[in-house]
Amino acid sequence: MQYSACLEWLFAAEAPDFADRIRLAQKAGLAAVEFWHWRNKDIDAIAAALDETGMKVAGFVAEPMVPLTDPAKHAEFLEGLKASIDVARRLGAPVLIVQAGADLPGRTRAEQRQALSEGLARSAEILTGSGVTLAVEPLNTLVDHVGYFLPSTVEGLDIVDEVGRPEIKILYDIYHSAVMSEAIGDVLAGRVDRVAHVHLADTPGRHEPGTGVLDWQARVAWLEANGYQGLVGLEYKPTTDTVSSLKQVLAG
């Protein structure tokens, strides 16, 4: 399995300059990098560092981050998605990440699910032919994202299947799924092909794998054995310097 470094946390202490984090990730032997927002970053500097190092970008967040559970926000998101696709193509990123948004008060789950599905379907029309996949991300609602609409991997996959477009898949986050007490074989069986990207951190604490109680090696092995061929994004908060934490993970 090959790993991608989420540069929001990895190498952040070592390199205040974001582009320098790409260089450090390359020296550490990682296959790719990823990040969250792109509008607050120097895309020219990132592109130059990628060219210099030969590193790839696994993905980043489609902006703006607005709730797709709210139909009134769809036009704003879709307009921003066009710009996000342009940046993704420039950087060679195959995946844009989208979050469902908040569980909105005064609206039923059925209404919000319909809105989310419609927003993703409209996104697929814009993504057609771009070579970029939009990956919707379930997040845990017990620790990190109380009030989020989509904590269930199964429901996320069901929505992807309802949309029925190859441009729309899921981001499977091992940490968030574990916090929600999901068993990987139960939630992903037969549908690994809908997974565009994977994130990994240990629980509790969301630190590097090996610091908590998660049997992360077994979950990564399950993904590989069941046909997942993408990258695993290391999206964790290091408890030590980044290189030391990575040595522990990559040795596992």
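## Packing of helix 1 on helix 2

In helix 1, residues F18, A19, I22, R23 and Q26 meet A45, I46, A49, L50, E52 and T53 of helix 2, where contact means heavy atoms within 4.5 Å, and where helices (H or I, at least four residues) and strands (E, at least two) are DSSP runs numbered from the N terminus. The residues of this contact divide into 7 nonpolar, 2 polar and 2 charged, on a scheme in which Ala, Val, Leu, Ile, Met, Phe, Trp, Tyr, Cys and Pro count as nonpolar, Asp, Glu, Lys and Arg as charged, and the others, Gly among them, as polar. The model is predicted, so that local features need pLDDT of at least 70 and side-chain atom pairs count only at pLDDT 80 or more, whereas totals for chains, interfaces and linings use all residues. Residues are numbered from 1 along each chain as its sequence is written, and side-chain values use heavy atoms, with hydrogens and water left out.

Two packed helices are described by the angle between their axes and the distance between the axes. Helix 1 (residues 18–27) and helix 2 (residues 43–53) pack at an angle of about 20 degrees, with their axes 8 Å apart; axes are lines fitted to C-alpha atoms, for helices over the stretch in contact, and angles run from 0 to 180 degrees between N-to-C directions. That angle makes helix 1 roughly parallel to helix 2, given that angles under 35 degrees count as roughly parallel, over 145 as roughly antiparallel, 65 to 115 as roughly perpendicular and the rest as oblique. The crossing of helix 1 and helix 2 is right-handed, the term used if the near helix is turned clockwise from the far one by less than a right angle, left-handed being the term if anticlockwise.

## Packing of helix 2 on helix 3

Helix 2 also packs with helix 3, at an angle of about 25 degrees and with the axes 10 Å apart, which makes helix 2 roughly parallel to helix 3. Here I43, D44, I46, A47 and L50 of helix 2 meet V87, R90 and L91 of helix 3, and by class this contact has 6 nonpolar, no polar and 2 charged residues.

D51 lies in helix 2 and is exposed, with a relative accessible area of 67%; buried means under 20% relative accessible area, exposed over 50% and partly exposed in between, with a 1.4 Å probe and protein chains only. Although D51 and L91 are 40 residues apart along the chain, their C-alpha atoms are separated by 9.5 Å.

## Nonpolar cores

In soluble globular proteins, nonpolar side chains tend to be buried together. The largest nonpolar core in this model has 76 residues, of which F60, L91, L134 and L188 touch the most other members; such a core is a set of buried Ala, Val, Leu, Ile, Met, Phe, Trp, Tyr and Cys residues joined through side-chain atoms within 4.5 Å. Helix 3 gives the most to this core, with 7 residues. Apart from it lies another core, of 6 residues, among them I97, A135, L171 and A196.

Not counting residues up to four places away in sequence, L91 touches F35, I43, I46, A47, L50, V57 and F60. H74, also placed in helix 3, is buried, with a relative accessible area of 3%. Leaving aside neighbours within four places in sequence, H74 is in contact with L68, A115, E118, G119 and R122.

## Backbone exceptions in the loops

Most residues other than glycine have a negative phi, and most peptide bonds are trans. The peptide bond from E63 to P64 is cis, with omega near 5 degrees, and P64 is placed in the loop between strand 3 (56–61) and helix 3 (74–91). The bond from T203 to P204 is cis as well, with omega near 0 degrees, and P204 is found in the loop between strand 7 (195–200) and helix 8 (216–225). T203, in the loop between strand 7 and helix 8, counts as buried at 15% relative accessibility, and, leaving aside neighbours within four places in sequence, T203 is in contact with Y175, A178, V179, G212, V213 and L214.

R206, also in the loop between strand 7 and helix 8, has a positive phi of about 60 degrees although it is not a glycine, and counts as buried at 10% relative accessibility. S181, in the loop between helix 6 (174–179) and helix 7 (184–188), likewise has a positive phi of about 60 degrees without being a glycine, but S181 counts as exposed, at 66% relative accessibility.
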